[in-house]
Amino acid sequence: MRVIRVGTRKSQLARIQTDSVVATLKALYPGLQFEIIAMSTTGDKILDTALSKIGEKSLFTKELEHALEKNEVDLVVHSLKDLPTVLPPGFTIGAICKRETPYDAVVFHPKFVGKTLETLPEKSVVGTSSLRRAAQLQRKFPHLEFKSIRGNLNTRLRKLDELQEFSAIILAAAGLQRMGWQNRVGQILHPEECMYAVGQGALAVEVRAKDQDILDLVCVLHDPETLLRCIAERAFLRHLEGGCSVPVAVHTAMKDGQLYLTGGVWSLDGSDSMQETMQATIHVPAQHEDGPEDDPQLVGITARNIPREAQLAAENLGISLATLLLNKGAKNILDIARQLNDAH
């Protein structure tokens, strides 16, 4: 039996995510065997520094890509939001699985269960490792203080429960769901309170760009609607040149052949912000085979089984929205945010 080697981060959530993708592949390809290889990444090792300060785009992906490059694994499962919008040469995202909830969730300290962010006492400290969340929530809930909290989900929940430092922490709802910890969710943040990160809630399968065999194997995992929404989101972020060192957030929806993209940028403290919404007509396709393309990648993604026209329309929407914001002065907000973040 042919063995397909699958790379993953070591955290419990990463393992659960990888296991779910492998289970789907096993059901599709009963004649293949899958071996999971877990490894630690830079982001897993540096736990005393805010992510935005480490100044490295591929914090949670570099070691895994190294293993792909050396042919030690054949594919790697990531949270799509961890993958930079420009991948290193030789790699591509071969599949984006159906998105789970993209929203953020609030988990409260046991003594504040039943509260919301709005009803927490004045000067309560809320933990989040994300500038995007902190900027939006500071603007919305000025009575709260936001402080960086690092570590995997288990570590963060332990810090919340055992230290008396945090009244609540903000986490991706999808991660809590996958861990089976829905009962800890005290509040779901909707887009009007906090828009989400590009690609949040979706899993991505990264492969070697020239490994046609593996590309063909994983492309069946592409979920057309998730793919098109994430192409628009990633194109928006890439055109803004955003990363995790600046507060950029999005919201997308697909309805009646229209793809709606809302994107925003914030200053670090949330006092300055700018957001806009645009839409484009896109037909979510039934999967079909396209002919080979010279360079099929869009924002790092290869999806030959989804019509090219729909993918280009989604990419275009992201670029148009970013251009609109840049023309209105978004670059200034982002540049200042970047400088402040680097200076702290």
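Modeller: Start at Ser130, which caps the N-terminal end of α5, with a side-chain oxygen 3.2 Å from the backbone nitrogen of Arg132. Helices here are DSSP runs of H or I with at least four residues, strands are runs of E with at least two, and both are numbered from the N terminus.

Colleague: Before I read too much into that, what kind of model is this, and which pLDDT limits apply?

Modeller: The model is predicted: local features need pLDDT of at least 70 and side-chain atom pairs count only at pLDDT 80 or more, while totals for chains, interfaces and linings use all residues. Residues are numbered from 1 along each chain as its sequence is written, and side-chain values use heavy atoms, with hydrogens and water left out.

Colleague: OK. Is Arg132 buried or exposed?

Modeller: Arg132 is buried, with a relative accessible area of 6%. Buried means under 20% relative accessible area, exposed over 50%, and partly exposed in between, with a 1.4 Å probe and protein chains only.

Colleague: Which side chain does Arg132 make a polar contact with?

Modeller: The side chain of Gln200, at 3.2 Å. A polar contact is a pair of N or O atoms within 3.5 Å; within protein, one must be able to donate a hydrogen and the other to accept it, and residues adjacent in sequence count only if both atoms are side-chain atoms.

Colleague: What else does Arg132 touch?

Modeller: Not counting residues up to four places away in sequence, Arg132 touches Asp104, Cys194, Met195, Tyr196, Ala197, Gln200, Pro247, Val248 and Ala249. Contact means heavy atoms within 4.5 Å.

Colleague: And the rest of α5, how many of its residues are buried?

Modeller: Seven of the ten residues in α5 (residues 131–140) are buried, so the helix is largely enclosed by the rest of the structure. The buried ones are Leu131, Arg132, Arg133, Ala134, Ala135, Gln136 and Leu137.

Colleague: Which strands does α5 lie across?

Modeller: β5, β7, β8 and β9, and α5 runs at about 125° to β8. Axes are lines fitted to C-alpha atoms, for helices over the stretch in contact, and angles run from 0 to 180 degrees between N-to-C directions. Helix α6 (residues 153–162) also packs on the sheet, touching β5 and β8, and its direction makes about 165° with that of β8.

Colleague: What is the strand order in that sheet?

Modeller: β7-β6-β8-β5-β9, an open sheet of five strands with mixed pairing. β7 (145–147) and β9 (185–189) are at the edges with a single partner strand each, so one side of each has no neighbour in the sheet. Two strands pair if DSSP finds at least two bridges between them. β5 (residues 104–108) and β8 (residues 168–172) pair antiparallel over five bridges, and Phe108 stands opposite Ala168 in β8.

Colleague: Switching topic: how many residues are in the largest nonpolar core?

Modeller: It has 45 residues, and those with the most contacts inside it are Leu80, Ile93, Ile96, Phe236, Val248 and Val265. A nonpolar core is a set of buried Ala, Val, Leu, Ile, Met, Phe, Trp, Tyr and Cys residues joined through side-chain atoms within 4.5 Å. The largest share, nine residues, comes from α9.
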